[in-house]
Amino acid sequence: MPRIMAKAWGFGLAFIAAAMLALALRPDLRLAARAAWNDPRLLPAVADDARVHYEPEARVCAEAVAEIARRAIAQIESAHGRPFAQPPVIGVYASYENYASANAMGDSDIAAVTRAGAALLSPTLCGAERHRLESVLTHELSHVHLSGWRPLGAPRPPQWFTEGLAVMASNGGGAEGVGDDEAVQAIRDGYRVVLDGRRWIDFAGLGFEIEPPRDPTKNALTQRQRLAYRQAGLFVAWLRRRDDAAFLHLLRALEAGEAFEPSFEVAFGDDAQQLWRRFISDLSQSRRSDARD
Ligand SMILES: [Zn+2]
């Protein structure tokens with residue numbers, strides 16, 4: 001082998017070895033590589049809706065998803081006050097294993113995940129949790145809408161806001177089983193979600209000022225997360241009712257890639273914590289007027 005070729009081979013092998021070492025040492029890179037390999041865009045699309053991709057065994061469910069997606073997309077465009085930046089991609093999985101690979105978390109227990117501009121749906125939404133399919137899909141499309149506009153690398157808004165927005169825009173998607181009244185009562189009783197600055201979902205989810213009591217008949221983690229999401233959704237809806245123009249101003253700023261906290265203050269003339277306290281005090285006042293009725 002000529003020397004120059006041997007050298008090129010050497011570099012090539014060194015590169016492959018370095019890539020393999022990086023994948024072995026960095027689980028996040030390994031998850032990202034598996035997700036790219038299982039990207040929903042690589043799957044076939046529903047005949048009359050190129051946005052909905054599916055694993056062949058999930059064809060019937062994917063056709064139902066395409067039907068629902070038309071309504072869900074219109075609902076999100078109306079709630080966010082703007083069309084999608086690009087047609088949203090939806091992935092319908094039949095295999096829990098492939099779904100876990102595609103969602104880049106290696107976790108098949110989550111009902112749906114938005115990743116790289118696509119809403120990925122767990123097989124459970126075509127099976128045991130079919131009743132949540134429409135609300136969860138609509139919720140995820142809110143995330144797809146916001147992330148589709150934001151420039152790459154723009155600062156992420158805090159999780160309480162993106163989840164609250166998705167719950168509000170989907171009329172309760174992601175917070176199924178926890179009603180508005182229950183969430184309001186929990187806020188009045190002091191079991192209040194903490195609006196901290198965390199940008200990423202972790203396994204503990206959103207926190208509470210005081211841990212809410214557990215209902216032994218329900219899955220504790222699911223119940224806790226849905227209560228947190230419902231409270232965040234109520235607050236986001238309250239912000240919107242309070243000043244619709246300010247709310248849309250904030251959304252447009254986030255879509256342009258601006259940071260959350262200063263954009264919030266410019267839009268509402270106050271910070272989120274102050275307005276959260278006002279929201280809570282409004283709730284206690286409405287209790288007093290309820291009591292008078
Ligand atoms: Zn969400």
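**Close-up views of a predicted model**

**View 1. Contacts of Phe-235.** Leaving aside residues up to four places away in sequence, Phe-235 touches Gly-164, Trp-276 and Phe-279 (contact: C-beta atoms, placed from the backbone, within 7 Å). The structure is a predicted model, in which local features need pLDDT of at least 70, side-chain atom pairs count only at pLDDT 80 or more, and totals for chains, interfaces and linings use all residues. Residues are numbered from 1 along each chain as its sequence is written. Phe-235 lies in helix α8 (residues 220-242); helices are DSSP runs of H or I with at least four residues, numbered from the N terminus. Phe-235 is buried, with 25 other C-beta atoms within 10 Å (buried: 20 or more other C-beta atoms within 10 Å of its own, C-beta atoms being placed from the backbone). Phe-161 is 74 residues from Phe-235 in sequence, and their C-alpha atoms are 9.0 Å apart.

**View 2. Packing of helices α5 and α6.** Helix α5 (residues 133-149) packs on helix α6 (residues 159-169) at an angle of about 125°, and the axes are 8 Å apart. Axes are lines fitted to C-alpha atoms over the stretch in contact, with angles from 0 to 180 degrees between N-to-C directions. His-139, Ser-142, His-143 and Leu-146 of α5 meet Thr-162, Leu-165, Ala-166, Val-167 and Ala-169 of α6.

**View 3. Buried residues of helix α7.** In α7 (residues 180-188), the buried residues are Ala-183, Ala-186 and Ile-187. Viewed down the axis of α7, these fall within an arc of 100°, so they line one face of the helix; the arc is that of the directions from the helix axis to the C-beta atoms. Gly-190, with a positive phi near 95°, follows α7.

Terms used:
A residue is buried if 20 or more other C-beta atoms lie within 10 Å of its own, exposed if 12 or fewer, and partly exposed in between; C-beta atoms are placed from the backbone. Helices (H or I, at least four residues) and strands (E, at least two) are DSSP runs, numbered from the N terminus. Two residues are in contact if their C-beta atoms, placed from the backbone, lie within 7 Å.
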